[in-house]
Amino acid sequence: MVRNTNRHFKFDWITVILFFLLVGFGWLNILSASHTGNTINYFDLSQPFGKQLIFIFLTFGLIILLLAIDAKFYERFSSVIYIISMLSLVGLFLFGKTVNGATSWYAIGGMTLQPSEFAKTATALAVAKYISDLNTNINSFKDQIRTFVIIIIPAILVLLQNDTGSTIVYAAFFFVLYREGLPKYYLTIGVYIILLSIISLKFGPTKTSILALLFLIGFHFLSKKKLKIFQSILILLVAIAVSFGVKFFYQSILQPHQQDRISLWLRLEKDPQKLEQMKRTFAYNLNESEKAISSGGFAGKGFMEGTRTTGKFVPEQHTDYIFSTVGEEWGFLGSASVVVLFVLLLIRILHLAELQKSQFSRVYGYGVASIIFIHFFINIGMVMGLIPTIGIPLPMFSYGGSGLWAFTILIFIFVKLDSNRINEW
Amino acid sequence: MRQFLLFIFIIAVGILFLSRLFYLQIYDSNNYSLFEDNAIRKVYDYPKRGFVYDRNGNLLVANQPSYDVMVIPREVEPLDTLEFCSLLKIDKEQFIKKYHKAKRYSPRLPSVFVSHLSKEDYAVLQEKMRKFDGFYIQKRSLRDYETTIGANVLGDIGEVNNSDINRDPYYKMGDLKGKQGVEASYENTLRGVKGIKFIQKDRFNRNIGPYKDGKYDTIPEQGKDITITIDAELQAYGELLMQNKRGGVIAIEPATGEILAMVAAPTYDPNILVGRDRSKNFTKLYNDSIAKPLFNRSLQGVYEPGSPFKLMNALIALQEGVLTPDETVTCYAGYKYGNRFMKCHCNRGTRNNMITGIQRSCNAYFATTYRKILDKNGSSSDGIDIWSKHAQSFGLGNFLNNDLFVGQKGRIPDRAYYKRIYPKTFYSTYTISNAIGQGEVATTPIQLANMIAAIANRGHYFTPHIIKNIEGQSLPKQFTKAKYTTIDKPHFEPVIEGMLQVYRKGTAASLQVKDIDICGKTGTVENFAIIDSLRTQLTDHSIFVAFAPKDDPKIAIAVFVENGYWGSRFAGKVASLLIERHIKGYITRKDLEEWLLKHSLENEYAKPQSGKPFKINGYTSFQIVEEQEYYRLKKELNRINKAKN
């Protein structure tokens with residue numbers, strides 16, 4: 001009886017606290033990045049910080065709702081949720097509003113809604129549901145294909161809407177599938193292909209092919225585990241194919257602005273004039289955000305004191321580049337704390353996921369951790385110039401109602417599932 | 001293992017991010033400085049540059065505002081070009097040309113559109129300026145010379161160059177800085193300290209407002225006015241007398257070391273280095289490698305001092321006790337040493353004591369004296385070091401360590417110097433030319449003037465300096481503390497008596513000025529130039545040193561006139577007139593004045609440039625200036641005289 005009365009409050013408070021710490025700190029930085037003038041009206045709805053504050057308040061209602069719903073609901077209705085979500089994505093082609101070249105928004109009154117943010121949660125639910133089905137065997141090729149299809153549908157839909165950033169997020173599900181028993185060679189092949197692609201882009205396909213050949217010869221002589229000749233030749237041919245394929249992909253399929261981002265990242269561009277031009281256009285953000293972070297030093301310039309933030313030097317600073325505000329105003333102490341908070345949150349979710357008795361909850365938990373992780377990795381990596389520019393928000397931090405609510409839903413469904421694990425003996 | 005993949009990734013990415021942050025914010029981040037933050041615009045507020053007054057309180061240098069129309073091309077909106085052009089007094093073609101030039105330089109940064117507007121144009125334009133977006137007026141401060149004299153004294157200001165900025169980060173691109181003269185040597189006093197305003201800007205480079213409400217802003221500190229020791233009237237008179245001649249004049253007040261006049265000829269009007277034509281005119285002056293108007297001959301001209309240096313030898317001889325003032329030396333119309341002979345103007349068999357030796361400038365007397373000094377202890381090597389030490393105590397052979405922007409060491413040789421030329425044996429006869437101020441001895445006019453000041457003071461001098469007073473500051477000790485020579489006071493009297501006789505009966509007898517006891521010494525110095533890689537002798541330099549009055553000296557002076565032939569021919573006249581003017585305030589020797597205004601040495605200076613063979617000294621003829629030039633000089637003289645009354 002006692003256990004039963006407390007049931008609704010047996011949530012994992014660590015996750016909840018970490019979540020609110022990030023949301024709260026995020027809002028402070030949005031305030032700093034978006035306010036103008038001297039007086040601040042916190043509920044000024046014409047300003048991002050005012051709107052975000054409303055979004056945060058609404059989040060509380062959303063959380064109560066999410067926790068009030070029976071845990072079984074999510075598992076049972078995951079397919080329905082997935083289908084509705086996919087339809088909302090398809091609907092964008094008819095009713096969508098285009099912002100910054102991506103047709104990702106529904107305009108309802110004065111509000112905009114970005115269904116692709118919610119699609120990630122829906123996909124995570126659907127994948128969890130499908131894998132946890134007793135009839136599914138991830139080691140069977142047929143089921144692998146089916147799982148891939150579930151993941152690829154939303155990925156393709158958002159890609160068609162010109163939202164490359166959100167597409168890449170779906171790669172996160174690899175971690176989920178791998179955890180659930182996806183054969184090892186997927187990992188091996190994946191890692192090889194990524195390495196080969198980068199090397200090939202950097203040094204050209206011919207050099208990469210020669211390198212692969214030398215590597216195989218070296219492997220043949222040095223390793224105890226010998227590969228058969230035809231195996232080696234096959235690997236070599238694949239390597240050559242990948243090298244040239246990447247080049248083709250880079251030159252013929254990628255759009256010029258995407259090429260530029262990669263060429264800047266890999267320092268391929270040597271022409272100083274072109275570099276100058278890049279610095280003035282898309283690399284401008286990157287350059288400015290790196291400078292802002294760097295100028296923060298150890299302790300930062302102080303809340304609302306960042307000169308580059310106040311001067312709005314980093315465009316889109318309250319959305320994708322919010323981390324540069326943290327870097328400038330809170331310095332190493334603040335930005336390192338944010339990194340640590342994210343790592344703690346991720347590890348906590350991962351830890352909880354492993355504790356789940358139900359496979360659905362575990363797979364879903366893994367999905368949550370993977371999706372947040374990929375956002376965290378790409379966003380902060382991009383803002384600090386470690387990876388090419390890809391426009392996705394920093395979870396809980398970046399300005400945006402859809403994003404905030406989508407992550408709230410993503411996390412709190414898991415919090416609910418986790419609170420229910422005690423009942424699943 | 002499978003459950004650890006994501007875990008490992010999370011930890012790895014966390015560590016990667018932390019190290020990147022460490023690199024960006026701690027390792028790579030220079031200590032944050034407002035000055036280096038390009039999100040903050042630094043606007044400088046330039047203080048008033050200090051004024052320069054002469055010793056009598058006459059304003060020499062002030063400031064004048066100058067207005068430049070600036071343009072920021074990308075902020076320019078369509079405008080009424082016709083009206084704008086007529087306001088600026090340019091035509092439409094020029095407008096388009098200037099606009100494109102500015103745009104090519106940078107569309108975002110301001111560039112000068114039209115520089116140096118007149119005050120009237122500025123007044124009209126200012127009213128209408130708001131109609132022209134992207135254009136604005138920038139006020140700058142330029143120097144305003146209240147005089148046409150003293151270019152070499154006053155110097156000029158110009159924009160700083162890269163090495164100035166690297167040497168002193170106070171200066172920013174486009175700042176003005178003293179380049180020559182007192183503008184350069186008193187730069188820090190005159191310039192003041194500029195104020196700074198920090199203004200927060202946004203990424204479009206627009207001002208948003210003062211950074212932190214101006215918490216870190218500073219107000220400018222005005223430059224201090226200075227008074228220099230120059231007597232503008234004497235300076236103007238000196239410059240007038242030296243027109244159409246080349247050389248340097250330095251007049252010092254012996255009791256203080258203050259420089260009364262510092263003339264370098266030829267000179268130029270300091271006003272030509274102000275404003276729109278500055279760089280054109282500067283280039284012209286700079287490129288004149290023959291007359292060298294930028295070469296300050298009174299400070300930088302290193303000449304053999306000639307006969308005035310005999311005074312030095314006389315003093316050293318008395319101090320070292322190698323002869324008495326009454327001891328006589330017989331002159332055989334020259335001095336024979338070994339199988340060589342040094343000529344002299346004296347009649348054969350003349351017996352000179354020290355006073356007549358100076359009066360007649362007897363070479364034989366001083367050759368004997370010099371040898372006695374060097375051979376006193378039987379070793380010329382020791383002797384020359386003693387001799388050198390005495391001469392150096394008069395400030396010769398080294399920088400005077402004063403407040404003038406340029407200078408030269410000159411040369412007083414010692415044994416170490418001669419080691420290279422005579423490594424083994426060294427006899428007094430080797431350097432006998434030093435006896436008469438030629439050979440290896442070299443001085444600048446200011447050093448020689450200082451030597452005369454030390455003689456006038458009977459044994460001490462004050463470092464010659466140009467600063468008389470700085471607003472609210474006392475002069476540095478080095479200018480107010482007497483420096484003593486190594487010659488005892490009594491030894492000066494016979495030498496001064498000799499100098500007095502130079503005027504009474506000697507080489508400068510024709511230059512006497514009524515009621516003033518002037519002590520002087522003429523000098524005539526051989527000099528050479530390399531013409532077509534041949535060492536060619538030119539007409540001798542005319543040199544004169546003097547101080548007056550004999551008791552309680554008011555002025556010590558050194559005059560060098562290049563190729564003036566002999567001491568009293570040009571230099572002596574200049575010196576006598578300046579002395580009279582300084583002491584009496586008016587001129588009685590109008591004949592000398594007239595003579596100097598009328599005579600030019602330009603024919604002499606043209607000789608080496610002519611490319612033809614030429615004759616010197618005895619074969620030179622006087623060149624009378626053209627009538628027009630003569631009237632110009634007369635008018636100038638009247639102006640100077642009138643300014644006095």
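How many helices and strands does chain A have? Chain A has 19 helices and three strands. Before going further, please keep in mind that this is a predicted model. Of the 425 residues in chain A, 44% count as buried. If you take the contacts in chain A between residues at least 6 apart in sequence, 69% of them join residues at least 24 apart.

Chain B has a secondary structure of 23 helices and 22 strands. It holds 645 residues, and buried ones make up 41% of them. Here, among contacts between residues at least 6 apart in sequence, 71% join residues at least 24 apart.

Let us look at where the two chains meet. Chain B brings 28 residues to the contact, and chain A brings 34 residues. On the chain B side, the elements that give two or more residues are α1 (4-27) and β8 (195-201) of chain B. The largest share of that side comes from α1(B), with 15 residues. Sorted by class, the side of chain B that touches chain A has 16 nonpolar, five polar and seven charged residues.

While chain A is in mind, one residue there is worth a stop. Ile217(A) sits in helix α11 (residues 205-222) of chain A. Is Ile217(A) buried or exposed? Ile217(A) is exposed, because 12 other C-beta atoms lie within 10 Å, and a residue counts as exposed at 12 or fewer. Ser232(A) is 15 residues away from Ile217(A) along the chain, and the C-alpha atoms of the two are separated by 8.7 Å.

Now come back to chain B and find its open sheet. Five strands make up this sheet, in the order β12-β11-β20-β19-β18 (chain B), and their pairing is antiparallel. The edges are held by β12 (258-265) and β18 (519-531) of chain B, each with a single partner strand, so one side of each is left without a neighbour in the sheet. From one strand to the next, the twist averages 10 degrees. At one end of the order, strand β11 (residues 247-253) of chain B pairs with β12(B) in the antiparallel sense over seven bridges. To find your place in this pair, look for Gly248(B), which stands opposite Ala264(B) in β12(B).

A helix packs on this sheet. α20(B) touches β11, β12, β18, β19 (534-548) and β20 (555-561) of chain B, and its direction makes about 150 degrees with that of β20(B).

The helix α20(B) also has helical partners. Two packed helices are described by the angle between their axes and the distance between the axes. Take helix α9 (residues 232-241) of chain B and helix α20 (residues 571-584) of chain B: their axes come within 10 Å and cross at roughly 160 degrees. That angle makes α9(B) roughly antiparallel to α20(B), since the cut-off for this description is over 145 degrees. The crossing in which α9(B) passes α20(B) is right-handed. From α9(B), the contact draws on Leu234(B), Tyr237(B), Gly238(B) and Leu241(B), while α20(B) supplies Val574(B), Leu577(B), Leu578(B), Arg581(B) and His582(B). These residues divide into six nonpolar, two polar and one charged.

How does the pairing with helix α21 (residues 590-598) of chain B look? What angle do α20(B) and α21(B) make as they pack? The angle is about 130 degrees, with the axes 10 Å apart. The two helices α20(B) and α21(B) are therefore oblique to each other. Their crossing is left-handed. On the α20(B) side, Lys573(B), Val574(B), Ser576(B) and Leu577(B) take part, and they meet Leu592(B), Glu593(B), Trp595(B) and Leu596(B) in α21(B). By class, this contact has five nonpolar, one polar and two charged residues.

A last stop in chain B is a hairpin. Strand β13 (residues 329-337) of chain B and strand β14 (residues 340-352) of chain B run antiparallel and are joined by eight bridges. One bridge links Thr330(B) to its partner in β14(B), Arg351(B). Two residues lie between β13(B) and β14(B) in this hairpin, and Gly338(B) in the turn has a positive phi of about 55 degrees.

Methods:
Residues numbered from 1 in each chain as written. Chains lettered and ligands numbered in written order. Predicted model: local features only at pLDDT ≥ 70, side-chain atom pairs only at ≥ 80, totals over all residues. Helix = DSSP H or I, 4+ residues; strand = E, 2+ residues; numbered from the N terminus. Buried ≥ 20, exposed ≤ 12 C-beta atoms within 10 Å, placed from the backbone. Contact = placed C-beta atoms within 7 Å. Nonpolar A, V, L, I, M, F, W, Y, C, P; charged D, E, K, R; others polar. Axes fitted to C-alpha atoms, helices over the stretch in contact; angles between N-to-C directions. Parallel < 35°, antiparallel > 145°, perpendicular 65-115°, else oblique. Left-handed = near helix turned anticlockwise from the far one by under 90°. Pairing = 2+ DSSP bridges.
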